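Here are some notes on the model, as numbered points. Please read them with the structure open.

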Amino acid sequence: MRKSIIAAALLLAGNALGQQGRLVESVEVHVVNVDVVVTDRQGNRVHGLTKDDFELYEDKRPQAITNFYEVRDDARPASEAAAPPEQRQHRRFAFFIDNDSLHPYLRKEVLTSLRKFVETNFRAGDEASVISFNRAPKIVAPLMTDKATILKAIDAVGLVASPVSIKTDLARVQQGCISDLQAAKSSRLLMKVAYGNCIATVQLQTNDIAMASKRILVAVKIALATLNSGIEAKKVLVLAGARLPTMPGAELYQWANQLFTPYLKGFDRPTEQPHEDRQEDLIEEVARVANSDGVTLYLLHAPFTTDPSTVQNAQAAPDNGANFYAAAGTLDAYTTLAQMTGGIVVSRTGNFDLAFNTIASDLGSYYSLGYRPADSSAKDRDLLVKVKKGDYVVRARQTYAPKTLDEQFADRVIANVFSPTPTAEWPVVIRTGKPVPDGKNFKVPVEVTIPSTITLLPQGGNTLAGGFTVYIVVGNENGALSDVSRRPQPVTVEKAGEAELRKEPFRFTMDLTVRPGENWLSIGVLDQVASTTGLARATIVAK
């Protein structure tokens, strides 16, 4: 008996793979590990603390610390009980370079320091991915253990064309607004009209900045997803860049208002402000996602101060503090991401080695505190860790939201797009047919073969029931990623027919619609009863 299930066509697009009904919503109550870095006020690591030296709070309520150990690379632990379990020795990195905002000179410095960090600190069993961002994320190196290939990927990022920076946004505004002001001063425009034209230019640039910021936040979420592959690990994301404003365009409005202030008075005085929403909530959401995944964020803030006016404008155009204002907004965003996840932000430094040395110190010296949440709800919780005595600085993630089994497996299916995972329990097989042009896209027949070893339970009389859910995600090297599509497949059979049912595998078929070019298809299968999983991945070249 051939068991075939047909699925509708799917499209690689922002929201093309619609969310399906989720079958698994339970959250298993387990021990939550909170990694904590403790230093004195001079930044020196504090060693030798015990469980009794710490206080841990969830939503302001004290929690019993059930698990405790200290990681200290420079000395053996005092006892075997204090030694970290083997899985905590595994480390996973994502190196995210924002080429859209980093000046080429500082990018070179960052990459040189990053290269030193990998050469010195990358050890057997570690994994790392390299991601470059130019208007969209590009997976330069998927998650891997090969140090030589990772180093080549870091070098490749440095060969990308010169990035666009915040200075270009300001320079474009300066060109347009100074031209408008000169037209008004020569009586070719009313001053109020000139100011309105200038603000229109500012609004266009602000829209571009806001869209770029949202794109990079989405890209960071994709980078976080790549770290969910495989076994439990110490997970770190390093982001180097120069632009992620909390209020997009605020510095441009400030500059334009100051430019026209000497010429417009009273009711006409220049007071326009950004109409774009502030982005603190979006930034905090990324931090909360990182905390749910157990990822610590380290931010390298590298603004570059130059005066583009002499290059792009006919006359000198001082920035009136706009560059400082823009850098401060980005520093606020980076600080939020670092503080909420227990990492650090290093800003305006000419010594990026120092930043990576701090990361290395964090990885080699920290405490792990475990506690068991009081309830199993999937709500977001605030966390706070204190040291009872001593004037110490404590860094740890500030939030935690447990994920359902469905969410955890969806994360693994997404990670499988960029970093194939060979450790799944079920041997799932994907077969794809020849892509056929379908308008601007291509339609591809796909067959997924699933072992018929699913768990079936009695369901009254002589009937057995169970089922599996197929998870489908499509992505590509440019970071485009569909939503996770879920296709629940119930299975019922009479007891007398079970042996016949299990003679052949299940076959799930669908027509997949993809964009031209190389696409990566990730399929996950989850047994709805036993929670057994299977993962498979296929490359589809549509041309």
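What is the torsion about the S-S bond of Cys-177 and Cys-198, and which hand does the disulfide have? Point 2 answers this.

1. Basis. This is a predicted model, in which local features need pLDDT of at least 70 and side-chain atom pairs count only at pLDDT 80 or more, while totals for chains, interfaces and linings use all residues. Residues are numbered from 1 along each chain as its sequence is written, and side-chain values use heavy atoms, with hydrogens and water left out.

2. Disulfide. The torsion about the S-S bond of Cys-177 and Cys-198 is about 85 degrees, so the disulfide is right-handed. Cys-177 belongs to helix H3 (residues 166-185) and Cys-198 to helix H4, so the pair ties together parts 21 residues apart in sequence. The two sulfur atoms are 2.0 Å apart; the criterion for a disulfide is a pair of cysteine sulfur atoms within 2.5 Å. One disulfide is found in a search of the whole structure. Cys-177 is buried at 0% relative accessible area, and Cys-198 is buried at 0% as well (buried is under 20% relative accessible area, exposed over 50%, partly exposed in between, with a 1.4 Å probe and protein chains only).

3. Helix crossing. The axes of H4 (residues 191-226) and H10 (residues 405-418) come within 8 Å and cross at roughly 95 degrees. H4 is therefore roughly perpendicular to H10 (angles of 65 to 115 degrees count as roughly perpendicular, under 35 as roughly parallel, over 145 as roughly antiparallel, the rest as oblique). Axes are lines fitted to C-alpha atoms, for helices over the stretch in contact, and angles run from 0 to 180 degrees between N-to-C directions. On H4 the contact (heavy atoms within 4.5 Å) involves Ile-222, Ala-225 and Thr-226, and on H10 Asp-411, Ile-414, Ala-415 and Phe-418. These residues divide into five nonpolar, one polar and one charged.

4. Positive phi. Most residues other than glycine have a negative phi. Asp-59, not a glycine, has a positive phi of about 50 degrees, and Lys-60 has one of about 70 degrees. Asp-59 is partly exposed at 23% relative accessibility, whereas Lys-60 is exposed at 79%.

5. Totals. The protein has 11 helices and 24 strands, taken as DSSP runs (H or I, at least four residues, for helices; E, at least two, for strands) numbered from the N terminus. Buried residues make up 52% of its 543 residues. Among contacts between residues at least 6 apart in sequence, 78% join residues at least 24 apart.

Key: Ala, Val, Leu, Ile, Met, Phe, Trp, Tyr, Cys and Pro count as nonpolar, Asp, Glu, Lys and Arg as charged, and the others, Gly among them, as polar.
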